[in-house]
Amino acid sequence: MNSQKDLDDFRNRWLEELKHQIPVGEQHSASGELKDCANDELESVDSCKEDVISKPHENCQITDNPRIPPLHGNYCETGSTVPDATPQYFPFRVLSKVSNPESWEEVQRARKRFASDKCSAVTSVKKGNYFAESSHTPAQQRNSNEINEIPFFDISIPRELAIKIFWHLDATDLCHCAQVSKSWRSLAEDELLWCRLCHQLGFEQEKVTVECADWKRRVQHYTILNRTLDHNWKNRTGKLHSLQHVKGGVLCAASSFKSFLVAGYSNCQTKLWDVYSGETCIFQPSSTALILDENTEEGTITNEVQHVAACSKVTAASYSHNFVDVWSNEEGTSPIYTVSQFGTGLVSALKLWENNCSVFTAVACGSTLQVHVVEHSYGHLKEHMDFELNVKDLVWLQSHSASPSLTPIIAVATVNTVSIGKFSTDTEHLADWFEIHNIVDAPITCLDARLDPSHVAVGFSFYSFPSELIKVNVYDLTTQQLVTTLSGHTSVLSCINVVDSPPFQLVSGSRDRKVRVYDTRIDQSAMMTLIGHSSTVTCVQMDNVKVVSGDEGGFVCVWDQRMASKLWEMHDRHPVSYCHFDERLLVVAHEPVVKQQQSKYDYDTGLHQRHRGSFHVYDFLTDQTTKGVPDICLSTYDEPQGYNYNICLTVPYDQASTRKLLCATLTYSWCQVTFDLNRPSEHDDQNFQMTAALSV
């Protein structure tokens, strides 16, 4: 009797637990926790199975395996069945039927409602309804509430807090977390997380999360793209594009901006080339008048392009007659603004800086610096400055971040001083001007600067010329103090690059034919020295993986920064005057030393290729694989076709010589056959050789 009472008490307690377990399951996310909850309930029932079997109910039949449900219904009484549309676990049917049929029906309805809510919640997660900003129906609101609680082991936390935790993971860790469960997958594939990763890779930084969808696929695409680029750079797999030269001109200056390439020639023409679209445009100068040379009795000063610069809006070029033309990249081939002649001597530097509405053009001539502002189709002079010494170089401080600087900052280098000027877009004068470098008897040989971090690198050497006095000073613009002094070169510095280098790093080249890489945070000596050039290094650039350098001998070398070894090199007969690369393109310009070349004949206005110079672009993202099956692989032996060897290619400019060569070949073949058949004597063989020689 006591055992029967204990069994009844157990049944009552178990039904109470079931009534509390069903609503609790609705609070879990749509990640498959229903099966885990049922398994826990089955384990609890298994613990009391022996008591139930010891005294089974007189109207109940229990199978041998409680985890295997019957196939056609719930058999609770002999010869009677309760139809069941969905399969249920055996302990639920036993306990519910034994206690009360009405409670069994209530549990059935609750379980069906719970299963339907879970299915709708999973569908909502797959469609991404929790990103929608529109109003939700009650069912959708219930689904969103279910997924807002993410199970972390034995606790549940809000979705916002879970995203904050996952915010510190990279792409690989997020992919691993997506394999844990459905709820973790919905969290690991959150658009906010993958949008942040896409911005960290440097792509689509101007877009926010709600503007695009499927950020995970975008990150996957850019990751594969970066791997392909690294492989192609290492193995020199790319497509070569060459800028077609201007007829009658020699390359005098070259520059680039993103996909825009600009080249200036000795005939005063400037050519703009868009690499991606393939469009070209030839700009005409504003003046082609001749200027008499005062130093000679007869003759004129030749006018040619000295410097070129380009940005997304305009293109500028300076000439040997000391004027500057500015053209619009979208309207016509005539200049929209011209800077008239000023100062003494030739133009020493020309640089552009642009913002959303205007373009700042800085021109240095002698000891004079002028800054002009070009807006739309007109321009005006903003600043005129005179220095004590001649201006040798100038640099606009550029930023590579997603939000570029709105304040133009310029660094101007004279013979031995470097001055910084901060312009203001709403006033007519400089907002701030200070001198950051001044060393007596130490001429400046190269200059470069960047904004993030705000560093200016100045290369100089003393007149005494010992190797210990060839240094690079790095200054911080924020504090206007010297950060470090770098040394190591044994000859005069010829080039330096900071703006394109990784933060707190720079690369330099000198006349000692060596390239050195420095880290301003570690030591004053170079952390890497690259040896392999045969002449003075003229241009250098680096990123996190590679270093590219060019020299006066025409060699362009690509180095592996991690292994400090040369990957490959290419050569041209002219010195390398300009070299720049990004993730996809490598731009190389070779300028001849002699710009004015004369043809042998007066009627020939063209120049030989060896005198023109070259402007090449290497695209390392172009697919070089063969599309489809080549025609030669489709040929069969059923219909053999003859091959035209085209003997005319041997002597393309002399048809008579081609006919003689063809006749000689046929005569030799016929005589050789006759010789083999008739077996001529030695005297006949000599006659044959003489006849063949005369035929030729």
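Select residues 121-147 to begin, a stretch of this predicted model over which pLDDT (the predictor's confidence in each residue, from 0 to 100) stays under 50, and for which the model has 30 contacts beyond four places in sequence, a contact meaning heavy atoms within 4.5 Å. Then move to residues 637-658, where the pLDDT is likewise below 50 and the model shows eight contacts beyond near neighbours in sequence. For the protein, the mean pLDDT is 75, with 64% of residues reaching 70 or more.

Residues are numbered from 1 along each chain as its sequence is written. Because the model is predicted, local features need pLDDT of at least 70 and side-chain atom pairs count only at pLDDT 80 or more, while totals for chains, interfaces and linings use all residues; side-chain values use heavy atoms, with hydrogens and water left out.

Next, select helix H7, residues 159-166; helices (H or I, at least four residues) and strands (E, at least two) are DSSP runs numbered from the N terminus. Arg 159, Ala 162, Ile 163 and Phe 166 are buried here, where buried means under 20% relative accessible area, exposed over 50% and partly exposed in between, with a 1.4 Å probe and protein chains only. These four lie on the same side of H7, because they cover an arc of only 100° around the axis, the arc being that of the directions from the helix axis to the C-beta atoms.

Go on to the loop between helix H10 (191-200) and helix H11 (215-235), which holds Glu 204, a residue other than glycine whose phi is positive, near 50°. Glu 204 is buried, at a relative accessible area of 14%. Asp 214 lies in that loop between H10 and H11 too, and although it is not a glycine, it has a positive phi of about 60°; with 36% relative accessibility, Asp 214 counts as partly exposed. Most residues other than glycine have a negative phi, and most peptide bonds are trans. For a cis peptide bond, select Asp 452 and Pro 453, which are joined with omega at about -5°; Pro 453 is in the loop between strand E24 (444-450) and strand E25 (455-461).

Now display the aromatic side chains, among which a search of the whole structure finds 14 pairs; rings of Phe, Tyr and Trp (its six-membered ring) pair if their centres lie within 6.5 Å, and planes under 30 degrees apart count as stacked, over 60 as edge-to-face and the rest as tilted. Phe 203 and Tyr 222 are stacked, with ring centres 4.0 Å apart and planes at 5°; this pair links distant parts of the chain, Phe 203 being in the loop between H10 and H11 and Tyr 222 in helix H11, 19 residues apart. Trp 353 and Phe 360 form an edge-to-face pair, 5.5 Å centre to centre with 75° between the planes; Trp 353 is buried at 4% relative accessibility, and Phe 360 is buried at 2%.

Finally, select Trp 233, Trp 568, Phe 581 and Phe 620, which ring pairs link into a cluster. Lys 546, in strand E33 (residues 546-551), touches Trp 233 and Phe 581, and also Gln 541, Trp 559 and Gln 561, not counting residues up to four places away in sequence. Lys 546 is buried, with a relative accessible area of 7%.
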